[in-house]
Amino acid sequence: MLIDDIEYVIFSHPDLAQIREFMISYGLLDLEQTADQLYLRSYGDAPFSYVTTKGDAAFLGMGFRVASREALDLLSARFNCPVSESPRPGGGLYVVGSDPDGRQLEFVFGAKRLAPVPSNGFPIAWNDAHGKNRLGKFQRPAYGSSHIQRLGHVALFTPAPQERIAWYCETLGMKPSELIHKDSESDVLASFMHLDKGAAWTDHHTLAIVGAAAPGIDHISFECRDFDDIGMGYQVMSDKGYQHRWGIGRHFYGSQVFDYWTDPAGFHVEHFVDGDLVNSDTPTLNRPFGRETLLQWGPAFPGL
């Protein structure tokens, strides 16, 4: 196993104060800020989950938590990059490389974990046809921003989806959970890819690779506390007048309940909860492109 999880995303934005206000409202927390760089954390134990530098709006890359020092050395050899000390919050050792589309990839081992921040609330006790579990109590979550637990996945655009899927499998040890094809199963348009962690359960997808005219990013996605946390996050973002992209609904691939927003620079950020888990015993599925590519229920897809 090479990689434990995806850990952070790397951007640049022209107005750090503006993007900070947006992402704090979205549900991340302050960590560090200088005149030209902003680090934000989640409620979980990651050293940080989001970094942006002052500059033209751009998605620059992503960082992964590596499973072992041996795995870091292997990645060092694959990317022909020496192991060095990470200058980012949490420290540790890291290797920097890039994928064939030019996205920066950072691989970190041994960074100091943060103490999780309490997310408040209690597990939802549902009253439905399967049982009445909330007796004499009211379901009234506190008003406030979502409580982002962790970075969950990134959805990437590429003009060469089949080649890029193969590259991430061969180089980072990822595996397709599901493939989407056009006219025949060999005509693959996209893939939802998980980390190879053997028998251990892992997210249905840590990366989505989607065919497009040019390299880019569709969205980044963060896991929320629970269903009400997504709904209350929607309410806060809506009350503040931010641009809503799509949701609330439930995806087909990965089954997440989702809600998407668009940041001031035009990048899409997703809230999600209740995603599927897979392991080495889960077969790879190959399905045709269709309506279910986008969702099981929810508003119509607004387009790219």
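Mentor: Helix α2 (residues 69–79) packs against α3 at an angle of about 130°, and their axes are 11 Å apart. Helices here are DSSP runs of H or I with at least four residues, strands are runs of E with at least two, and both are numbered from the N terminus. Axes are lines fitted to C-alpha atoms, for helices over the stretch in contact, and angles run from 0 to 180 degrees between N-to-C directions. The two helices, α2 and α3, are therefore oblique to each other; angles under 35 degrees count as roughly parallel, over 145 as roughly antiparallel, 65 to 115 as roughly perpendicular and the rest as oblique.

On the α2 side, L75, R78 and F79 meet W167, E170, T171 and L172 of α3, where contact means heavy atoms within 4.5 Å. By class, this contact has four nonpolar, one polar and two charged residues (nonpolar: Ala, Val, Leu, Ile, Met, Phe, Trp, Tyr, Cys and Pro; charged: Asp, Glu, Lys and Arg; polar: the others, Gly among them).

The sheet is open, with nine strands in the order β17-β18-β19-β16-β11-β15-β13-β12-β21 and mixed pairing; two strands pair if DSSP finds at least two bridges between them. β17 (243–250) and β21 (285–288) are at the edges with a single partner strand each, so one side of each has no neighbour in the sheet.

The model is predicted: local features need pLDDT of at least 70, side-chain atom pairs count only at pLDDT 80 or more, and totals for chains, interfaces and linings use all residues. Residues are numbered from 1 along each chain as its sequence is written, and side-chain values use heavy atoms, with hydrogens and water left out.
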